[in-house]
Amino acid sequence: KPPKGETSAPLEGVTVLELAALFAAPYGATMLADLGARVIKVEPLEGDMIRGIIPFPEAGGAKAMQGKESICIDMTTPEGLAIIHEFARRSDIVLQGFRAGAAERAGVDSATLRAINPDLVYLHAPGYGDGGPYGMRPAYAPSIGAAGGLARANLGDSVVEHPGLSLDEIKVAAHRLSQGATNMNAQADGFAALGVANSMLLGLLARERGAGGQNMMATMISTAAHAMSDQVVDYPGKPGTAVPDEEFWGTGPLYRTYEANDGYVFLAAPQEKEWKRLAASLAPYTDLAGDPRFDAESDRREHADALAECLAGVFSQRGKDEWERDLLAADVGCMSVTTETPEAMMASDWFGRASGYLAPSDHPTFGEHDRIAPAVRFSRSSTKAEGGKLAGAATRDLLAELGYGDAAIEDLIDRKVVGAG
């Protein structure tokens, strides 16, 4: 059990052995590292492929490597596999992200490792599952985004679908769907990482409550399905799903972006109880309350285009910050819209640092830099915000911890059983 105390991290004393590549599963372990878990990341001799996915060295893998201890091992060798088995014996969680059948062939499947450590929480986190027609296939964010419907949901009705599409229309639709599946702010890798982190925590909780070791699975496609539950779950009387208009202004006149005289504002007042406050706030500019087209919610739906046109005329008269100030003061949801990217906003002093969304960190390649702070803040516990680590940087220390002497470690490195950074 982790030590108790006001300064200890929630997962202090928990060890995670990570046997996964790229982002979806590994970043789930990063989230646990932020909460104090020790994460031992096993990489191939050449390092996780995510490290080179961006031309600048290590830029692709920095986020997924934060707070971890990296050891490079050739697990196809008997000695390399024995090292992994010994780490599994000493761990609380094993996170395995290989496609169906790969773990069994490699000797790191649940049955093998839980025979070594019966109390192990073993999480298999593949793309599609452990069987069926897709279990053996590799999975990437764009393919899961397409299969799970995320791409289509991100694009609404902006993708044209009808018989007889021209080649140019097909090309445009394909390009838009590709972008929709790789959206940096809501895509399959990020959803899957959240599912992985939560699954490992649930496994720990089950063990803590006396259920013993666990054999679990959290697939990318199932996590995407949960994220898409509003679209994929149906029941009698279910209301229709709100979709954005073709130009992506919003899903209706009371939940959309409007142009101010110096930029844009987003109005968020879709509920009936918000209508009177909005009408009162805009009374100096237009008589919404006295217009019979907008009396009831059903009237406003019927005359949605007219209401949007009316509101557009009102919002165009003043600056975006003025609208935000006055409408928020009246308890009406209205925000000034920035055209900065989320990354630029996060990096700003007034938002990222002052609000605690960034934390200082250090990286052996980048040096000192800000990183996203841990996802959860606690009143009586600490968290960690460490930087990324180079491939094999902890190899020597980890092997020494297992009892290997200096000569034996150097021999393993020379014979390419392990790699050291």
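Is Lys 416 buried or exposed? Lys 416 is exposed, with a relative accessible area of 56%, where exposed stands for over 50% relative accessible area, buried for under 20% and partly exposed for what lies in between (1.4 Å probe, protein chains only). This is a predicted model, in which local features need pLDDT of at least 70 and side-chain atom pairs count only at pLDDT 80 or more, while totals for chains, interfaces and linings use all residues. Residues are numbered from 1 along each chain as its sequence is written, and side-chain values use heavy atoms, with hydrogens and water left out.

**Sheet**

- An open sheet is formed by 4 strands in the order β7-β8-β9-β10 with antiparallel pairing, where helices (H or I, at least four residues) and strands (E, at least two) are DSSP runs numbered from the N terminus, and two strands pair if DSSP finds at least two bridges between them.
- The edge strands, each pairing on one side only, are β7 (250-252) and β10 (333-337).
- β7 pairs with β8 (residues 255-260) in the antiparallel sense over 2 bridges, and Gly 250 has Arg 256 in β8 as its bridge partner.

**Helix on the sheet**

- Helix α13 (residues 304-315) packs on the sheet and touches β8 and β9 (263-268), contact being heavy atoms within 4.5 Å.
- The direction of α13 makes about 40° with that of β8; axes are lines fitted to C-alpha atoms, for helices over the stretch in contact, and angles run from 0 to 180 degrees between N-to-C directions.

**Positive phi**

- Most residues other than glycine have a negative phi.
- Glu 58, although not a glycine, has a positive phi of about 75°; Glu 58 lies in the loop between β2 (38-43) and β3 (68-73) and is buried, at 14% relative accessible area.
- Lys 416, also not a glycine, has a positive phi of about 60° and is found in the loop between α18 (406-414) and β13 (418-419).
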